[in-house]
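The structure is shown first, and the description follows.

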Amino acid sequence: MTASDLPTEVHRAPFDHSGAGVGLERWTLRSGPVEATVITLGAALHTLTAPDRDGVPAQVLLTTDDVGLLLGPARHYGVTVGRYANRIAGSRITLDGEEFALLPTGHGVTLHGGPDSFSHRVWAAEEIPGGVRMHLHSPDGDQGFPGALDVWADFTLHGSELAISYRAVTTRPTVVNLTNHAYFNLAGEGSGDVLGHLLTLDADQYTPVNEQQVPYGPYEPVAGTPFDFTTARAIGEGIAAGGAEGHPQLKASRGYDHNWVLRERPADGPPVRAALLADPGSGRTLEVLTTEPGLQVYTANGFDGSVTGPSGAAHGPFAGVALETQHHPDSPHHPQYPSTELRPGQEFRSTTVLRLGTAD
């Protein structure tokens, strides 16, 4: 029997809801040595456990069971981000000539859908073959966005592959950009930083940003810059190469917080590889495949140790890396970018696959 033939066990249990005021659920998906848990707060991928090259398992996501932290400094840990992932400049969008003011999150932008985003909501959940389906209703005008939006997020585990599939419909023209915001450390949560992880990105261009971390225009090539991950490169090497006296795009952010433009993929086709992350020490690998046109890489530059994980280690800078499959930031203001508009009668669909493995 191959890994993909292993049956998937699905279990539901209560999740500690101290401080939340509502009952929360934790769904556990298990297939052989691989296990994922998903919680209804934020439709979040809460934990992900996989073996190393010697078969020793470790939990490879930054996480916490403290609901107060999940609603505070850990509010983006593993969550489904929406209604619009990443930044929208000026906290405004225009659709069909009508302007809509969005609730700002500070610094002149609306980040990750607004101050009361999907990551703070309790989603409904039901079992599906091999996993769990989460559902959320977002009313017309939620955080300023037009249209009542219904969103479904499916998490399914088959062998060593965890698929996250999104679907959404709207009652009015709106914009939608959904992603998962898990932070990975393939050596295991609490094992140190990810600067030694090797990253490969299937992207020849990226979207440089202004001081608000918003793209300011055309794509730029990665060749000859710290943004070139077309072949495997240590994350720390790129950051060091763009240090205080180096690449201006890395000075302000003190690390990576940028969107890469993925190589062209077939329209309406299956997920295509976007990234490969590898930890040389444990041998664990993570291949990310997606239908999305972009990938935001964030190396937890702003982490300050205010969140302590189950290991007892505080999560400081570079404790994990987020690989957020998405449409490009601020797309509503850049008509040359792939469109994020969704209209009544249409259906938003997006699938990302996290393929776990090992290397010698």
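**Pockets and cavities**

The second largest pocket has a lining of 27 residues, and those nearest its centre are Thr 291, Glu 292, Phe 348, Arg 349 and Ser 350. Here a pocket is an open set of points, on a 1 Å grid over the protein atoms alone, with protein on both sides within 12 Å along at least five of seven lines; a cavity is a set of points where a 1.4 Å probe fits but cannot get out; and lining residues have an atom within 4 Å of a point. Two or more lining residues of the second largest pocket come from each of β13 (149–158), β14 (161–170), β27 (341–342) and β28 (348–358). The largest share, four residues, is given by β28. Strands such as these are DSSP runs (E, at least two residues), numbered from the N terminus.

The model is predicted: local features need pLDDT of at least 70 and side-chain atom pairs count only at pLDDT 80 or more, while totals for chains, interfaces and linings use all residues. Residues are numbered from 1 along each chain as its sequence is written, and side-chain values use heavy atoms, with hydrogens and water left out.

The lining of the second largest pocket is made up of nine nonpolar, nine polar and nine charged residues. In this classification, Ala, Val, Leu, Ile, Met, Phe, Trp, Tyr, Cys and Pro are nonpolar, Asp, Glu, Lys and Arg are charged, and the others, Gly among them, are polar.

The largest pocket is lined by 36 residues; Arg 75, Arg 87, Leu 111, Asp 257 and Tyr 298 lie nearest its centre. At least two of its lining residues are supplied by each of β10 (109–111) and β25 (294–298). Its lining holds 11 nonpolar, 18 polar and seven charged residues.

The search of the whole structure also finds two cavities of 30 Å³ or more. Around the largest cavity there are 16 lining residues, and Ile 164, Asn 180, Leu 323, Thr 325 and Thr 352 are the closest to its centre. The strand β28 gives the most to this lining, with four residues. The lining of the largest cavity divides into eight nonpolar, six polar and two charged residues. The second largest cavity is lined by residues including Ile 39, Leu 41, Arg 75 and Ser 119, and its lining has seven nonpolar, one polar and one charged residue.

The table lists the volumes, each being the space filled by probe spheres set on the grid points, which are joined across faces, edges and corners.

| Space | Volume |
|---|---|
| Largest pocket | about 1000 Å³ |
| Second largest pocket | about 570 Å³ |
| Largest cavity | about 120 Å³ |
| Second largest cavity | about 30 Å³ |

**An open sheet**

Nine strands, in the order β11-β12-β13-β14-β28-β24-β23-β18-β21, form an open sheet with antiparallel pairing. Two strands pair if DSSP finds at least two bridges between them. At the edges are β11 (124–128) and β21 (233–234), each of which pairs on one side only. Within the sheet, β18 (198–201) and β23 (272–278) pair in the antiparallel sense over four bridges. Leu 199 has Leu 277 in β23 as its bridge partner.

Val 176 lies in the loop between β15 (174–175) and β16 (179–180). With a relative accessible area of 1%, Val 176 is buried; the term means under 20% relative accessible area (1.4 Å probe, protein chains only). Apart from neighbours within four places in sequence, Val 176 is in contact with Arg 83, Tyr 84, Leu 149, Thr 340, Leu 342 and Phe 348, where contact means heavy atoms within 4.5 Å.

His 258 is found in strand β22 (257–262) and is buried at 0% relative accessibility. Its side chain makes a polar contact of 3.1 Å with the side chain of Gln 249. A polar contact is a pair of N or O atoms within 3.5 Å; within protein, one must be able to donate a hydrogen and the other to accept it, and residues adjacent in sequence count only if both atoms are side-chain atoms.

His 112 occupies the loop between β10 and β11 and is buried, with a relative accessible area of 6%. A polar atom of the His 112 side chain lies 2.8 Å from the backbone nitrogen of Asn 86. The side chains of His 112 and His 181 are joined by a polar contact of 3.5 Å.

How values were computed:
Buried < 20%, exposed > 50% of the residue type's maximum accessible area, 1.4 Å probe, protein only.
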